Amino acid sequence: MQEDSSRSPSYTVACEDYVHVVEFSPFGSGTPASLLAYGGNQYVVVGTCLFQEEDMEIEGVEFNVLRAFHHELRVDALAWSPESRLDRMPTVRFCTAAADRKLRLLTSDLQDRHEVKVMEGHTSFINHLVFEPSEGKQIASVSDDHTCRVWDLEGNESITFRLRSPGISVCWHPEEVFKLMVAEKKGTIRFYDLVAQQAILSLDCGQSPLLSADWCLSNTIKVGAVAGSDWLIWDITRSSYPQEKRPAHIDKARQFKGRGKALTCGSSDTHCRPCGDQNTGRASKKPPKAKFSSGRGGRETKREEASVSSAALRTVLWSGCEVPVTWPHRRAGAPALALALTSQREHDT
């Protein structure tokens with residue numbers, strides 16, 4: 001399938017296999033560069049991205065691989081720890097989810113020390129996970145087994161919340177670390193007090209399936225989600241029903257990111273869109289672009305290229321610009337988009 005030349009990537013990272021998950025660390029690395037991890041079939045690669053806005057000598061973006069880690073199974077979800085730093089004594093820590101229903105906590109000094117802690121407890125597919133953002137001493141995960149589980153770094157399950165439908169998204173409050181938000185597939189978003197270990201507030205989409213939800217980090221009374229082909233925004237101080245609801249995509253919306261301006265990601269219409277325009281959610285200006293693309297060669301092809309726009313990808317996310325995205329094969333409930341990047345197989349026409 002011939003691509004629109006305006007969507008051609010301007011920066012490409014060669015990968016050894018298909019890319020399933022990509023995540024920028026939302027935390028500072030202690031250096032000008034941003035930490036980035038991508039994972040696929042039995043591997044995770046950790047690297048850094050340095051953007052022109054951070055170093056004027058860089059043309060567009062510079063990507064450097066720090067280390068590749070073996071992973072027993074395909075990576076389905078990944079979350080960064082705030083303890084990952086590159087200054088002083090470099091350490092990276094992240095947690096993955098795989099199809100065997102286990103979490104794997106990986107810690108490395110990027111040289112000789114490499115530890116993996118396996119966490120077992122979920123009985124079905126794990127859809128999302130997140131670190132506690134202050135100190136990174138806890139991990140929360142949600143699953144198709146109708147639970148949200150909170151773990152310590154030793155792999156002990158400290159809290160379990162029973163849900164009424166599959167858990168789709170989990171978000172830690174960026175400032176109040178005893179508050180957790182959990183989105184369920186049937187259309188309910190609940191807020192939990194981790195001290196009292198009970199729900200304290202709920203929001204209702206009024207439709208299902210709910211496929212993604214997020215907290216607005218710049219204004220934590222705002223919560224957003226995508227359900228069906230619509231995006232929804234709540235002010236949690238006003239009502240349990242959304243204050244805004246707009247169509248975002250021709251087909252189903254798949255992902256919602258509340259980073260600065262809200263950004264939604266679609267399915268077959270191959271776009272990410274900001275929640276802005278009243279009719280389509282499209283950006284009003286010509287956007288920067290970002291995606292992953294793979295080389296040709298059919299199913300036996302083992303080499304893939306990860307492509308990054310020359311416009312800083314974090315700027316794409318925070319400013320909420322439109323990003324063309326082509327989706328890979330995916331299973332129901334599995335997160336397919338991480339921070340406006342995805343994988344593409346060109347032989348799928």
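**Close-up views of a predicted model**

**View 1. Strands β16 and β17 pair as an antiparallel hairpin.** β16 and strand β17 (residues 198-204) run antiparallel and are joined by six bridges. The structure shown is a predicted model. Across the pairing, F191 stands opposite L201 in β17. The hairpin of β16 and β17 has four residues between the strands, and in this hairpin Q197 takes a positive phi near 55°.

**View 2. The rings of F161 and Y192 form a stacked pair.** Six aromatic pairs are counted in the model. In the case of F161 and Y192, the ring centres are 4.2 Å apart and the planes lie at 25°; the pair is therefore stacked, as planes under 30 degrees apart count as such. F161 belongs to strand β13 (residues 157-162) and Y192 to strand β16 (residues 188-193), so the pair ties together parts that are 31 residues apart in sequence. Both F161 and Y192 are buried.

**View 3. Y38, Y43 and F63 make up one aromatic cluster.** Within this cluster, Y38 and Y43 form an edge-to-face aromatic pair, with 6.2 Å from centre to centre and 80° between the planes. Y38 is buried, and Y43 is buried as well.

**View 4. D87 lies in the loop between β6 and β7.** Through its side chain, D87 makes a polar contact with the side chain of R85, at 2.9 Å. When neighbours within four places in sequence are left aside, the residues in contact with D87 are S29, G30 and T31.

**View 5. The protein as a whole contains one helix and 27 strands.** This view sets the preceding close-ups in context. The protein has 349 residues, of which buried residues make up 55%. Of the contacts between residues at least 6 apart in sequence, 48% join residues at least 24 apart. The accessible surface of the protein comes to about 15300 Å², and 45% of that surface belongs to carbon and sulfur atoms.

How values were computed. Residues numbered from 1 in each chain as written. Predicted model: local features only at pLDDT ≥ 70, side-chain atom pairs only at ≥ 80, totals over all residues. Heavy atoms only, no water. Helix = DSSP H or I, 4+ residues; strand = E, 2+ residues; numbered from the N terminus. Polar contact = N/O pair within 3.5 Å; in protein donor to acceptor, adjacent residues only side chain to side chain. Contact = heavy atoms within 4.5 Å. Buried < 20%, exposed > 50% of the residue type's maximum accessible area, 1.4 Å probe, protein only. Areas by Shrake-Rupley, 256 points an atom, 1.4 Å probe, with all protein chains shown as cover. Phe/Tyr/Trp six-rings, centres within 6.5 Å; stacked < 30°, edge-to-face > 60°. Pairing = 2+ DSSP bridges.
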